Amino acid sequence: MDIISFEPLTKTIAIESITAYQKYISPSKGFYCSHRLLHGGDSCSNYVKTLLNEQKLHQAVQSSIKRFQDCAAGSKTLTSTKATANFRCIVIPCCLPL
């Protein structure tokens, strides 16, 4: 009996959904990824797209959860400091709490 894996399709749908978010939603939402503002590097959406391209799905999901938690912590750090004064944005985590 052959086992059918839905992982490639699932990863493709996730990557395309993130791409659509980056193209249509992110530019108009009025705030930035707190993790990227605080630490530099990729935004959470770019980070997760990279994970999906480089890791197995369950590994990418686990790493994403950690990143979103770090982003939420970064948001708290930025709102408690004057670090956001130069960005003129609302600092909230780019991700929903998991």
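Accessible areas are computed by the Shrake-Rupley method with a 1.4 Å probe, and for residues only the protein chains shown count as cover.

The model is predicted: local features need pLDDT of at least 70, side-chain atom pairs count only at pLDDT 80 or more, and totals for chains, interfaces and linings use all residues. Residues are numbered from 1 along each chain as its sequence is written, and side-chain values use heavy atoms, with hydrogens and water left out.

The protein has four helices and zero strands. Here helices (H or I, at least four residues) and strands (E, at least two) are DSSP runs, numbered from the N terminus. Read from the N terminus on, the order of the elements is α-α-α-α. Of the 98 residues of the protein, 28% count as buried. Buried means under 20% relative accessible area, exposed means over 50%, and partly exposed lies in between (1.4 Å probe, protein chains only). Contact means heavy atoms within 4.5 Å. Among contacts between residues at least 6 apart in sequence, 66% join residues at least 24 apart.

In α3 (residues 44-54), the buried residues are Cys44, Ser45, Val48, Lys49, Leu51 and Leu52. These residues are on the same side of α3, because they cover an arc of only 160 degrees around the axis. The arc is that of the directions from the helix axis to the C-beta atoms. What do the buried residues of α3 pack against? They pack against α1, α2 (34-39) and α4. The face of α3 turned away from its buried side carries the exposed residues Asn53 and Glu54.

In soluble globular proteins, nonpolar side chains tend to be buried together. A nonpolar core is defined as a set of buried Ala, Val, Leu, Ile, Met, Phe, Trp, Tyr and Cys residues joined through side-chain atoms within 4.5 Å. The largest nonpolar core has seven residues, namely Ile15, Ile18, Val48, Leu51, Leu52, Leu57 and Ala60. Helices α1, α3 and α4 are the elements that give two or more residues to this core. The largest share, three residues, comes from α3.

Setting aside neighbours within four places in sequence, Val48 is in contact with Ile18, Ser64 and Phe68. The C-alpha atoms of Val48 and Arg67 are separated by 8.6 Å, although the two residues are 19 apart along the chain. Ile18, with neighbours within four places again left aside, is in contact with Ser45, Val48, Lys49 and Leu52.

Ala60 lies in helix α4 (residues 57-79). Is Ala60 buried or exposed? It counts as buried, because its relative accessibility is 0%. Not counting residues up to four places away in sequence, Ala60 touches Leu51, Leu52 and Gln55. Ala60 and Lys11 are 49 residues apart in sequence, and their C-alpha atoms are 9.6 Å apart in space. Between Ala60 and Thr50, 10 residues apart in sequence, the C-alpha to C-alpha distance is 8.9 Å. Thr50 is found in helix α3, and its relative accessible area of 32% makes it partly exposed.

The side chains of Asp70 and Lys66 meet in a salt bridge (2.8 Å, N to O). A salt bridge is a side-chain nitrogen of Lys or Arg within 4 Å of a carboxyl oxygen of Asp or Glu, and by this rule the count comes to one. Asp70 and Lys66 are four residues apart in α4, about one turn of the helix. Asp70 is partly exposed at 27% relative accessible area, and Lys66 is partly exposed at 47%.

The surface has a nonpolar part as well. Ile4, Phe6, Leu9 and Ile13 make a nonpolar surface patch of about 460 Å². Patches are made of residues with over 30% relative accessible area and no salt bridge, with like charges joined within 9 Å and nonpolar side chains (Val, Leu, Ile, Met, Phe, Trp, Tyr) within 5 Å. Ile4 is placed in the segment before α1 (7-25), and it counts as exposed because its relative accessibility is 66%.
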